[in-house]
Structure formats: structure tokens, C-alpha cells
Amino acid sequence: MSDFQDFLKRQYAHVAVGEFKPGKFAEAQQLYEEAIATYKEGFQGAYLLREPESERGISVVFWESIEDMDASETEAVHQAILKKMAPLFTQAPALTIYEVVAAIAPNER
């Protein structure tokens, strides 16, 4: 029965959409990678997407549970990195949590 329960578990995605001040994307990317490196329990992977020729981007971080996400994001070292990143944005990014309802790998088509 445990295998069936594991099958029913859903991942969660924390999505942030934002724009950085001119010339600040590379610095923000470095801080993003430092922040991601602090994640532990329940972390499933992350993507940082950049709109070509712009300072706009999207972060997608996958989690096993919302509780794991909350625990990692409240750690002091993570918060310190985010504090360094905040002034690089033109305005606060839009943050949303999504439930992953479908994941299709290339070999599954």
C-alpha cells in the first residue's frame, strides 16, 4: 500500500516572477544559486529562466511538500541571501505556489 500512497503524492512548485535592475541579473543569479544551495529536506530541483535580452526572469523550485519548502525558506542563512538579493529587483517579485499535477519526461511520450 505504501507504493500506492507514494504514487499519489504531489510535488509543489514555488514560482517567482520578477525583473532586476539593469545589469543586475548576473549578480542575482549568483545569489540565487547560493540560496538554492542552502535547501535540504524535500528539495526536488530548481530552474532559473531568463527572458532573452532582458532582466526579467522566472524561478521555479520544486518541493516534496509545502512544509519542507517553508522550513528551508525560513532558515537564517537563506533569509540573509534573499536580503542581499532584494535591492536588485525593480519591484518585489510575484510569488505563487503550484501543485504539480502532471510531469512528462521525454521518454514517456
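Two residues are in contact when they have heavy atoms within 4.5 Å of each other.

Before going on, a word on the model: it is predicted, so local features need pLDDT of at least 70 and side-chain atom pairs count only at pLDDT 80 or more, while totals for chains, interfaces and linings use all residues. Residues are numbered from 1 along each chain as its sequence is written, and side-chain values use heavy atoms, with hydrogens and water left out.

**The overall layout**

The chain contains four helices and four strands; these are DSSP runs numbered from the N terminus, with helices being H or I of at least four residues and strands E of at least two. Their order along the sequence is α-β-α-β-β-α-α-β. The C-alpha trace spans about 50 × 35 × 20 Å along its principal axes. Of the 109 residues, 31% are buried. Here buried means under 20% relative accessible area, exposed means over 50%, and partly exposed is in between, using a 1.4 Å probe and protein chains only.

Let us look at helix 2, residues 25-37. Phe25, Ala28, Leu31, Tyr32, Ala35 and Ile36 are buried in helix 2. Because they cover an arc of only 140° around the axis, they sit on the same side of helix 2; the arc is that of the directions from the helix axis to the C-beta atoms. The face turned away from this buried side carries the exposed residues Ala26 and Ala37. The cover over the buried residues includes strand 2 (43-50), strand 3 (56-63) and helix 4 (76-85).

**Some residues side by side**

| Residue | Relative accessible area | Class |
|---|---|---|
| Tyrosine 39 | 11% | buried |
| Phenylalanine 43 | 27% | partly exposed |
| Glutamate 53 | 85% | exposed |
| Serine 72 | 6% | buried |

Serine 72 belongs to helix 3 (residues 66-73). Leaving aside residues up to four places away in sequence, serine 72 touches Tyr39, Lys40, Glu41, Trp63 and His78. Glutamate 53 is found in the loop between strand 2 and strand 3. Its phi is near 60°, a positive value in a residue other than glycine.

**Rings**

The structure has six aromatic pairs. One of them joins tyrosine 39 and phenylalanine 43, tilted with 5.5 Å centre to centre and 45° between the planes. Rings of Phe, Tyr and Trp (its six-membered ring) pair if their centres lie within 6.5 Å, with planes under 30 degrees apart counting as stacked, over 60 as edge-to-face and the rest as tilted. Phe20, Phe25 and Phe89 are linked into a cluster by ring pairs. Over the face of phenylalanine 25 lies arginine 50, at 4.3 Å from the ring centre; a charge sits over a ring if NZ of Lys or CZ of Arg is within 6 Å of the ring centre and within 35 degrees of the ring normal.
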